[in-house]
Every structure is written in C-alpha cells, then in structure tokens.
Amino acid sequence: MAEEPEDPIQRCFDASYRRLVGQLYAVCGDLTEAEEVVAEAFARAVASRRTFERVERPEAWLRTVAVNVARTRRRRSAIAERLGRRPGPEVRRDADLSDDRLALVAALRTLPVAQRESLALHYLADLPVAEVAETLGVAVGTVKARLSRGRIALAAALATDPLVHGGSRD
C-alpha cells in the first residue's frame with residue numbers, strides 16, 4: 001500500500017483536483033478554463049500555505065478561490081471585448097466527454113452566469129444551498145431564487161438540444 005503524501009496541499013490535490021475541475025467545468029462552460037482556474041486555486045494555496053493549512057474545509061476554500069478566479073477572468077474578457085480586443089482562440093477538449101455531459105454543459109452555457117454558477121455548485125458539486133451562498137458570497141434566498149429560475153431555463157435549453165432528442169452534433 002502506498003503511503004499518503006506528507007504535504008497537505010498534495011494530499012488535497014490528489015483527492016480533490018478531478019472533482020473540482022468537473023465542478024468548475026460546469027461553472028465555466030469550458031474544460032480548459034476549468035483546469036486553469038483550479039490550478040490557479042492550488043497555486044494560491046501554495047502561496048498562502050499557512051492560511052490554507054488552517055482552513056477547516058480545504059476543498060471548499062479551493063472551490064471558492066477557483067470560482068472567484070473564473071469570475072475575474074470573465075470580467076476581464078468582457079472588458080477586453082468592449083475595448084475591441086479579441087480573446088484568444090478557444091481550446092476545445094470536450095470530445096472525450098459523454099453526449100449527456102456535453103448537452104448539459106452546452107445548455108448551462110446559455111444561462112446567465114449567476115444561474116449557471118448556482119446550478120453547477122448545487123447539483124454538480126452537490127453543495128447545500130447555504131454552502132453555495134457562502135461560496136458565491138450571496139444570501140441563501142438569492143441562491144434559492146437563482147436555482148428556481150435556473151432550473152426552468154435549463155429545462156427549456158435542454159428541450160431544444162438535439163442530443164436530448166436523439167440527434168447528433170455532427
């Protein structure tokens with residue numbers, strides 16, 4: 001049996017990286033972006049090692065940092081677009097995901113960011129409403145409203161997706 005790494009950040013990385021990327025994929029709508037924001041969250045954990053080692057729920061801390069990094073990147077990208085700069089080419093590596101997962105992420109991309117974040121964290125990260133509120137820095141009632149509106153919008157988006165009705169993306 002292999003020994004567990006002594007470093008708490010490495011242990012957390014081994015246990016949480018893939019799960020966090022999956023959760024942030026739904027939040028970001030892009031797998032490469034999800035990998036990058038999770039990597040940035042771990043880099044910040046390393047940079048703030050003393051703080052990170054005292055955190056009661058390290059994965060929740062990393063998820064919050066990653067969501068905040070994704071939000072910052074989205075704001076900067078929007079500013080760049082308004083200033084007439086084009087963002088770099090989108091890197092796509094979604095091909096090895098199931099059609100159901102592709103359909104879900106495509107439908108989530110059509111939703112407002114706040115609804116997408118709330119839905120992804122509640123249903124895909126399996127966080128309780130209170131923890132979603134804490135992660136996003138909003139009130140519990142706000143999360144409940146976003147979830148309610150998001151479920152309706154997501155159902156409508158999925159109803160029009162060709163994969164849901166036996167079609168193909170090709």
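What percentage of the 170 residues of the chain count as buried? The figure is 38%, and keep in mind that this is a predicted model.

**Overall layout**

The chain has eight helices and zero strands, so the pattern along the sequence reads α-α-α-α-α-α-α-α. Looking at contacts with a separation of 6 or more, 63% of them in this chain come from residues 24 or more positions apart.

Two packed helices are described by the angle between their axes and the distance between the axes.

| Helix pair | Axes come within | Crossing angle |
|---|---|---|
| α7 (residues 129–136) and α8 (residues 140–159) | 8 Å | roughly 105° |
| α6 (residues 113–124) and α7 | 9 Å | roughly 135° |

Take α7 and α8 to begin with: their axes cross at roughly 105°. An angle of 65 to 115 degrees counts as roughly perpendicular, which is why α7 is described as roughly perpendicular to α8. On the α7 side, V129, A130, V132, A133 and L136 make the contact, and α8 brings V140, V143, K144, R146 and L147. Sorted by class, the residues of this contact are eight nonpolar, no polar and two charged.

Now for α6 and α7, whose axes cross at roughly 135°. These helices are therefore oblique to each other, and their crossing is right-handed. Here α6 contributes E117, S118, L121 and H122, while α7 contributes V129, V132, T135 and L136. The class breakdown for this contact is four nonpolar, three polar and one charged.

**Aromatic rings**

How many aromatic pairs does the structure hold? There are four. A pair of aromatic rings is described by the distance of the centres and the angle of the planes. For F52 and W61, the ring centres are 5.2 Å apart and the planes sit at 70°. Planes over 60 degrees apart count as edge-to-face, so that is the label for the F52 and W61 pair.

Is F52 buried or exposed? F52 counts as buried, because its relative accessibility is 3% and the cut-off for buried is under 20%.

Elsewhere among the rings, F13, Y17 and F42 are linked into a cluster by ring pairs.

Note on methods:
Residues numbered from 1 in each chain as written. Predicted model: local features only at pLDDT ≥ 70, side-chain atom pairs only at ≥ 80, totals over all residues. Heavy atoms only, no water. Axes fitted to C-alpha atoms, helices over the stretch in contact; angles between N-to-C directions. Helix = DSSP H or I, 4+ residues; strand = E, 2+ residues; numbered from the N terminus. Parallel < 35°, antiparallel > 145°, perpendicular 65-115°, else oblique. Contact = heavy atoms within 4.5 Å. Nonpolar A, V, L, I, M, F, W, Y, C, P; charged D, E, K, R; others polar. Left-handed = near helix turned anticlockwise from the far one by under 90°. Phe/Tyr/Trp six-rings, centres within 6.5 Å; stacked < 30°, edge-to-face > 60°. Buried < 20%, exposed > 50% of the residue type's maximum accessible area, 1.4 Å probe, protein only.
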